[in-house]
Amino acid sequence: MLSAADFFRARLAFETDASDVSAALETGDPGFTLVDSRGEAAWEQGRIPGAVHLPRAEIREEAARLLPARGAVVVYCWGPGCNGATKASLELAELGYPVREMIGGFEYWAREGLPVETDRGVARRVPDPLTAPSAVPVCDC
């Protein structure tokens, strides 16, 4: 029987969040490729700088071309109300990639005031005070 500690340990092995992804990207060598699994229209509205655009519907055909062979990946989709990143993560895992899902997705990335890229450049949105007051998460995690 799976213990609560085993369950949460497993979640941490396969999930990450916007804050941790941002910190890893700031090092310049995060140890993973960031994958945006949303469609073209969502990609054009804004994305995380440096992310690879690999819509879920194209993973089986395009992953080998766009991602380092068996390299670690972190996947995001829109947000917590969407399971697209979960589905994309499963497909990548089935292809043999070590994968983690970025919980909160692009929604929480943008809500925390982290950089958002469009074809016009990179900008930061005003942080949502419920998620990132003064750029320090209210949960102090």
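Where is the place of Arg-70? The legends below concern a predicted model, and the opening view takes up this residue.

**View A. Arg-70 in the loop between H4 and S4.** Arg-70 belongs to the loop that lies between helix H4 and strand S4. Its phi is positive, about 55°, although the residue is not a glycine. Most residues other than glycine have a negative phi. With a relative accessible area of 54%, Arg-70 is exposed, since the cut-off for that class is over 50%.

**View B. The packing of helices H4 and H5.** Helix H4 covers residues 59-66 and helix H5 covers residues 84-94. The two helices pack at an angle of about 65°, and their axes are 10 Å apart. H4 and H5 are therefore roughly perpendicular to each other. Their crossing is right-handed. On the side of H4, the residues taking part are Ile-59, Arg-60 and Ala-63; these meet Ala-88, Glu-91, Leu-92 and Glu-94 of H5. Sorted by class, this contact has four nonpolar and three charged residues, with no polar ones.

**View C. Lys-87 in helix H5.** Ser-37 is 50 residues from Lys-87 along the chain, and the C-alpha atoms of the two are separated by 9.3 Å.

**View D. The buried face of helix H2.** Helix H2 is formed by residues 18-26, and its buried residues are Ala-18, Val-21, Ser-22 and Ala-24. Seen down the axis of H2, these residues fall within an arc of 165°, so they line one face of the helix. The elements against which they pack include four strands of the chain, namely S1 (15-17), S2 (33-36), S4 (73-76) and S5 (99-103). Helix H6 (105-111) is likewise packed against the buried residues of H2. After H2 comes Gly-28, which has a positive phi near 85°.

**View E. Ala-51 in the loop between H3 and S3.** Ala-51 is placed in the loop that joins the region of helix H3 (40-45) to that of strand S3 (52-53). The residue is buried, its relative accessible area being 13%, because the cut-off for that class is under 20%. Setting aside residues up to four places away in sequence, Ala-51 touches Leu-34, Asp-36, Trp-43 and Tyr-76.

**View F. Thr-118 in strand S6.** Thr-118 is found in strand S6, which is made up of residues 115-118. This threonine is buried, with a relative accessible area of 12%. When neighbours within four places in sequence are left aside, Thr-118 is in contact with Glu-44, Gln-45, Gly-46 and Arg-47.

**View G. Pro-127 in the segment after strand S7.** Pro-127 is located in the segment that comes after strand S7 (121-124). The residue is partly exposed, and its relative accessible area is 31%. In sequence, Pro-127 and Arg-65 are 62 residues apart; in space, they are 35 Å apart from C-alpha to C-alpha.

Notes: Residues numbered from 1 in each chain as written. Predicted model: local features only at pLDDT ≥ 70, side-chain atom pairs only at ≥ 80, totals over all residues. Heavy atoms only, no water. Axes fitted to C-alpha atoms, helices over the stretch in contact; angles between N-to-C directions. Parallel < 35°, antiparallel > 145°, perpendicular 65-115°, else oblique. Left-handed = near helix turned anticlockwise from the far one by under 90°. Contact = heavy atoms within 4.5 Å. Nonpolar A, V, L, I, M, F, W, Y, C, P; charged D, E, K, R; others polar. Buried < 20%, exposed > 50% of the residue type's maximum accessible area, 1.4 Å probe, protein only. Arc of directions from axis to C-beta.
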